[in-house]
Amino acid sequence: MAISAQSFINVANESLVSTLAIAALALGLLVILNLTVIRAIIRPLRRLQQQTQSLQKSEERFRFVLESTDTSWWDWDVKTNEVDWSDTFDAMVGRAPNSYPKNAASFLSFLHPDDVEPTRTKLYDAVENGTPYKTEFRFVHPDGTIRWIMARGTVQRDANGQALRMSGINLDITEQKLAEAALKENEATLRLALSAETANWWKWDIVNDQMYSASSFHDLLGRHGDELPKTWADAIALIYPEDQGKVQAAVEATLNHDAPFKVEFRMIPPNGQMVWIADLAALERDETGRPIQLSGIMIDITERKQIEDALQKSEQRLRMTLESTSTNWWERDLITDQADWSEQSDYLLGYSPDSYEKNQDTFYNLVHPDDREHVQAGVNLAIATGEPYQGEFRLVQADGNYVWILGTGHVEYNEAGQPVRMSGLNINITPLKEVQLALAEREALMQALFDQASQLTALLTPTGKVVKVNQRALDFAGITVDEIVDQDFWKTPWWQASEQLKADLKSAIHQAAQGILIRYDVENLGNHGQKVILDFSIRPIYDTDQRIIFLLCEGRDITDKFRIQEALAESEERFRQTFQTTAVSSALISLDGKFLEVNPAFCELLGYTPDELQDHDVAEVTDPNWVPFQGDLTQQLLNREIMAYTQERRYQHRDGRWIWGLLNVSLVRDAQQQPLYYVCQIQNIDPLKQAQEKLQEVNIELERLTQIDGLTGVYNRRFFDQALEREWQVAFRETESLTLVMLDIDYFKLYNDTLGHQAGDQCLRVVAAVLQESVHRTSDLVARYGGEEFALILPRTDLSGAIIIAQRIQALMDAKAISHPTSEIANYVTVSIGIHCAVPRPGLSLASWVKCADDALYQAKKRGRNGYFVLEDTPTSPTKVDES
């Protein structure tokens, strides 16, 4: 689409002169374009409608200017949203010609994410309100390269004032931006060097070997008058002995090779408190090249060195913590595919460090073949989506055995949004997996015992619904458990002999659900009409809060009394044999709590012989903090209210150590149902207890690592989102106000570019500390929202309270006075704060509420930064109520 003549008349009249002037200053066009050329362009444009030939010549000149100054023109049809632009625009955005549609959406897609909304706002503001379109933004090339652009444009309107089209030019000002940044850095250095009133300046007259210095320098040294150094040797003598050689070598390099003099060293003033110094100096030579004077400034960096030392110690403590919890770090470069991991990983797997190449292929070869595919899939998903990675897998050791690992990781991105690095932790969970396997085996054993325990064993809900029935009873009735699960127990096949039988069972279940032990003889119906008589009981099962959670039904076949008597005698003999030969620690205890008989397993558990325990009180080997038998449960046994009970107890071994045991107590009666003695079985659960404690420690540490931002020590974004959802629900339920404060460090990118990322990281830590100091309630939450953004959740806080906190943050930041040499609003680090407060209600979503706080932050930055902006919630929309 060709550019209309009227479009460029407007552009030339309103913006071309200023644009060419800026381009000339930036790129040297003043050498090429003199005043006569500029007039030659403007004059024909004004006569464009009358002179077609002049128009063509003018357009040729204009095109020449654009091509020679890294400038492109553009023309936007506001009605159709179609856009046309010059061929130079393709190079400006780093795209091949005709590789994308020419429309506003394509233009916006080329912008840096931070510049999209500001540019869109200025475009539409110019169209709707007539505001001049004048802005700067960044284009992002496919390879991640950033180009700075200055844009100008003019809107054409019809007779009614409606916008028809918008035309303008784009000028590449990247080199100018880089020059400005370098100039600002040089100016900052120059100001520091020339600030003689505050700097600790010194001069060395090399020819006469005389030292001169500022009064503040004297205070720094803690010396005055005759104590001050008069010669270079005197000055060197004031330096810490171990650092004197380093300083002298730096001076010689400057004198002999004009090397920059920049050195850090220690000095000890008379008060004995060591001071760290950063010394910068410049050398002056005479016309013959002879060194005549060395001038410099000293900066006290003691506090910075102390912080670095504290950081080093903190990292060492973290390293010790990881080593003591079987936790190892790892990282992977997603560009080169190189990997690295801690030496503890090598030792865990039985390899010596540096004995093999560390890359991603090596790692996957160490993963168990059955786990490799799902580990690769999980890592690839994390890289593709940015979600944290977490998974369990096995790694092969040098001896062929495997260890179980809980792996976690997160992906890091560059400025262009490309994944460049992934790092995380590997936790050895092999002991936990072994405990889980043991528990699974124990569960299988318990299931086998349940299935064969009696003629009928059933587990019911307190309302009588079937949960589980032993296999023996199922086989007797000729049914499967799936046929009766969740069915009323009295409706199952065993109870269909009569309606009275079902009614009695239903009544018995109701009583048992009230905590009453039920026992009676009952007829039971089997497959093919078989019938047996059961000694049937129903007893409630309680949880730790003494609430009834299940009913346990047990039925013992007593069809043939004679056989029962024989079986009883045989059972007694089997019991004696089992008692003596079983691996379960067992003891018979008298009703007054004395040992009657113990089996070999019991003696092995506690280290005593049977004779040493005979007639001795159980309390002698039981933890004195625990009674050997709990009175209420023992009484229930005696009253036939329960058949047995189980509790955890500690027992003292003969060598004095304590052993955790799982105690099961039941009561044996004679033929007249009179109590005879207790049967106690103790299972050694000491390894399980230790594993549980270790697992709890690992879980606590793992939970902490998933909630805390590793750099600043405040809560991370993931925990913030979870906490915000909870607080929103609470505020909605309680009809209470909830305030969200969003904060952004002003010009933080310039801070990083100027002072480096280490300084940037330290700045983030200081700001996080300020935010934590600003809130005083335990319910208030500080989190790192992302990059240099932070967020505060303030439950039950109205706008006045939020403003107090915002002002407190600003006051603390002012007091910190963190130097920011490239800030455009202050010489120290400042913050912009957005505040939004609302009472959650139907129709108000959490997402829209968060957006209001984000909009408030945007307004705070738009209105000059270093302040706060407040949006008050109303039933229709948020409104501004205050700003500072």
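The legends below describe close-up views of a predicted model.

Local features are given only where pLDDT is at least 70, and side-chain atom pairs only at pLDDT 80 or more, while totals for chains, interfaces and linings use all residues. Residues are numbered from 1 along each chain as its sequence is written, and side-chain values use heavy atoms, without hydrogens and water.

**View 1. The protein chain as a whole.** The secondary structure comes to 27 helices and 31 strands; helices (H or I, at least four residues) and strands (E, at least two) are DSSP runs numbered from the N terminus. Of the 884 residues, 42% count as buried, that is, under 20% relative accessible area, with over 50% counted as exposed and values in between as partly exposed (1.4 Å probe, protein chains only). Among contacts (heavy atoms within 4.5 Å) with a separation of 6 or more, residues 24 or more positions apart account for 50%.

**View 2. The open sheet of strands β1 to β5.** The 5 strands are ordered β2-β1-β5-β4-β3, with antiparallel pairing; two strands pair if DSSP finds at least two bridges between them. β2 (83-85) and β3 (133-140) each have a single partner strand and stand at the edges, so one side of each has no neighbour in the sheet. From one strand to the next, the twist averages 25 degrees.

**View 3. Strands β4 and β5, with helix α6.** β4 (residues 146-157) and β5 (residues 163-172) pair in the antiparallel sense over 9 bridges. Q156 has R165 of β5 as its bridge partner. Helix α6 (residues 113-129) lies across β1 (71-77), β3, β4 and β5, and runs at about 150 degrees to β3. Angles run from 0 to 180 degrees between N-to-C directions, and axes are lines fitted to C-alpha atoms, for helices over the stretch in contact.

**View 4. The crossing of helices α25 and α26.** The axes of α25 (residues 757-774) and α26 (residues 799-816) come within 9 Å and cross at roughly 135 degrees. That makes α25 oblique to α26, since angles under 35 degrees count as roughly parallel, over 145 as roughly antiparallel, 65 to 115 as roughly perpendicular and the rest as oblique. V766, V767, V770, L771, E773 and S774 of α25 make the contact with I805, R808, I809, L812, M813 and K816 of α26.

**View 5. The surroundings of S345.** This residue lies in helix α12 (residues 343-349). S345 is buried, at a relative accessible area of 10%. Apart from neighbours within four places in sequence, S345 is in contact with N328 and W329.
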